Amino acid sequence: MKHGILISDHEKAGGGGARRRTANTNANSEVAATRSTPAAALADANGTAPAPGGPKWTARRRRVVANLTGWSFAAPATLIILGLTLFPAAWAFLISREHWNGIAPARQIGWDNYRLMAQDPDFRSAVNHTVLFTVLYVPVVLVLGMFLAIALNRKIRFIAFYRTALFVPLVVSAAATGILANFVFDQQFGLANNLLRVLHLPRQGFLADRHEVMWVIALIYLWTDLAFSVIVYLAALQDIPTDCLEAARIDGANRWQQFRHVILPSLAPVTVFVGVWETISVLQIFELILTTTHGGPLGASQTIVYFIYNQAFNLSRYGYGSAAAYTLFGATLIITLGLFAYARRSKIEAF
Amino acid sequence: MHPRTARTLRSAAATATAAALMLTAACSSSSSSSAKAADPNKAVTITVWTGQDVAPEKLLEGLAKQFHDAHPNVTVDISPGAPTTDQLLPKLTAAFTSGTYPDISYNFGSWATQMQVSGRTLDITDKVKDPSVQWAEFPPAARQTATPNGHVIGFPAVVDNLALMYNKKLFQAAGLAEPTNTWTWDDFRAAAKKLTDPAKNVYGTAYSVSGTEDTTWHFWPLLWQKGGSVLNSGNTKAAFDSDAGVAALTFLRQMAVDDKSVYLSQDDQKYADLFKSGLIGMIMSGPWQLSDNVAANLDYGVTYLPSFDGTNHQTISGPDIWTLYDHHDSDRAYWSYQFAQWLTSQQTDPKFNLATGNLPLRSSEASSTEFQDYAKQYPGAQTLFDNLKNATTARPTVPGYVGLSQAVGQAIAKVLQGQGDPKAALQDAAKAADVALAQAD
């Protein structure tokens, strides 16, 4: 596969370059060492310190200046990251070990929030909903995304229109989607139930039914989110070199064999990437819940992030909410690292 | 502030409003929170967070400007503070942490105790005893809410109560007699059943099953009428899972599950919209619904809540308050108090509350021309005003009420949607509520 060869060639070149660079650095430091040694020997012999402005001093000054220059470029971004990401994250961790309603003084309670969480049936059901949602949703979005991308990756009339039409929902904000969905899936007055009535099918509860609500939300989320995986797959498909496919055709591969043995392996890195991306975003699904069901009916659509929001901002249990947030962070990290490890072991260059 | 600007302002103040200042200074001779006496002539800026929507916010900004015109040395920095009133709580929380909290903030009544316990509020208990404040003119529930743990922390801002609103056209179409102030809940149930017409998507009544405070507070009047109470006498444990609570919830369950005459609203807005659109016969609602009804040209009527025993028409009031915050600055404290008192006075309040369609804060406003206009503009306003006397029990403001409210709201939502029985659901909720009360959140 030419694509693969190209990558490994590049890697080899890169690796070689890196090795050469290290060699150079070693050489430099050797030179520096040899250069400084006579000076030191000289200083020892004369019993005096080397004169200021000597080679050693200049080297140090040059290094300091280089460091300062570097940091003057890196410092603003570093400060922003420290101030807006790492500091709040660290603070949230401290809060997660407190009982704090935001107004009265906080009380240190160690790991009690985490212990409480392990026994909280509401938290467990939020985890169940989220995990179930992820397990069901991510494969669907991968398969459907790939299917649509292949369907859209051909030269037919109005192809630009189809692609745009598919992309539009991605641009719509989650809040607008939620409000729209409320109209469509309203139990009494919604479009969906009107359609069922015309078809003489029984009326459904949709967002008001505990057993249907997660499916309906998955459907709405799929509508907004599918375009992302389609776009990524489309880009990957157009990246497959035509001579590969040509070679396969000349070798007598039929359409299915071309797909199975050429296209599918080429899409593997993208699949891992989209899989990780979708998993992370689905684990954090929130806005759609907020704008449609508020976690209802009877908590049936409560996800982890909605649970965190409700605890922290509706009930002012900032400590408990932070603890749940940290648990989600830990779980997401483990899943992501797991997928990374899997990708590396099976030699898929996803990132 | 730059000293020179301050001096200029001060001299302007002295010439322009000497009389007004002397008057207000005389009204508040009692000591402020700081040891240092306030200097009413000093230039001061006070910050006010209103948590209001666009239209009422405009009115308040206009009033703040009037106050500034009368006291040029006082600048009132007034803003909503947060996009919705709900959002003021997290905003205040953050502001307490960073020390940038306002001098005056609009608060839901349920936050009052939390605010008082934070130690950041002014204590104006002695000041409101001044006869010129006419503290007793505020409805009792509003006064209780502004006085958590026996300390007055602010002035009532908005008072309301729940009454029964009904759609006259639907009653006529069903050939039913309209509700009266002497109705019983059995009358209510029978009418709701007759009004319900699934084919036309018409429901007799509605109840929110969102599980929020909206679900919960509509339930308290029924509990109280049955003789129950939300908390025990020491305010330490939940008491709503009593026989009274079970009976009240059973009544609602019969309507929702057996009669199917209740539209179960998954959020707190939809049932009001459907009532406005003429698809729901009766709802328990308050003054905030009036302007919507009028705007939708709805032919509606208002009565007291029905009673179980034929005499007790007890309702609930959810008063909101203007809380005053302590910045250890006697001048700011002085002017915060002056502004809040002025805003809620008999002269000023009609320009805010009546103009926005709320009930008047003070009983003395009933004779004002503004109130006459208001009652004419909004049918039923007079009934709602009279209904304040039925709000004899205040909604608890203990810390932990928010958690209690959510536990009860979810229990009610569960039962009305046909899951679980009233007794078990309320007992579970009481357990959760006890934890919330013990942890004060």
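Tutor: Buried area is the accessible area (1.4 Å probe) that two parts lose on being put together, summed over both. This is a predicted model: local features need pLDDT of at least 70, side-chain atom pairs count only at pLDDT 80 or more, and totals for chains, interfaces and linings use all residues. Residues are numbered from 1 along each chain as its sequence is written, chains are lettered from A and ligands numbered from 1 in the order in which they are written, and side-chain values use heavy atoms, with hydrogens and water left out.

Student: What do chain A and chain B bury between them?

Tutor: They bury about 2200 Å², and 54% of that is on carbon and sulfur atoms. By the definition, this is area lost by the two parts together, because the sum runs over both. On the chain A side, I103(A), F189(A) and L298(A) supply 29% of the area buried against chain B, more than any other three residues.

Student: How many residues does the contact take from each chain?

Tutor: Chain A gives 22 residues and chain B gives 28. Contact here means heavy atoms within 4.5 Å.

Student: What makes K270(B) and D186(A) a salt bridge?

Tutor: The rule asks for a side-chain nitrogen of Lys or Arg within 4 Å of a carboxyl oxygen of Asp or Glu. The closest N and O atoms of K270(B) and D186(A) are 2.1 Å apart, so the pair meets the rule. Across this interface the rule finds one salt bridge. The largest share of the chain A side that touches chain B, four residues, comes from helix α12 (residues 304-314) of chain A. Helices like this are DSSP runs (H or I, at least four residues; strands are E, at least two), numbered from the N terminus.

Student: Why is K65(B) called exposed, and what is D69(B) called?

Tutor: Buried means under 20% relative accessible area, exposed over 50%, and partly exposed in between (1.4 Å probe, protein chains only). K65(B) has 53%, so it counts as exposed. D69(B) has 47%, so it is partly exposed. The two side chains meet in a salt bridge, 3.7 Å from N to O. They are four residues apart in helix α3 (residues 54-70) of chain B, which means a separation of about one helical turn.

Student: Which parts of chain B does the pair of R362(B) and E137(B) link?

Tutor: These two form a salt bridge with closest N and O atoms 3.2 Å apart. R362(B) is in the loop between α15 (349-354) and α16 (369-377), E137(B) in the loop between α5 (112-118) and α6 (140-145), and 225 residues separate them. R362(B) and E137(B) are buried. By contrast, K129(B) and D126(B) are exposed, and their salt bridge has its closest N and O atoms 3.5 Å apart.

Student: What makes the nonpolar surface patch on chain A?

Tutor: F87(A), W91(A), F93(A), L94(A) and W111(A) make it, at about 540 Å². Patches need residues with over 30% relative accessible area and no salt bridge; like charges are joined within 9 Å, nonpolar side chains (Val, Leu, Ile, Met, Phe, Trp, Tyr) within 5 Å. F93(A), in helix α2 (residues 55-95) of chain A, has 31% and is therefore partly exposed.

Notes
Accessible areas come from the Shrake-Rupley method with a 1.4 Å probe; for residues, only the protein chains shown count as cover.
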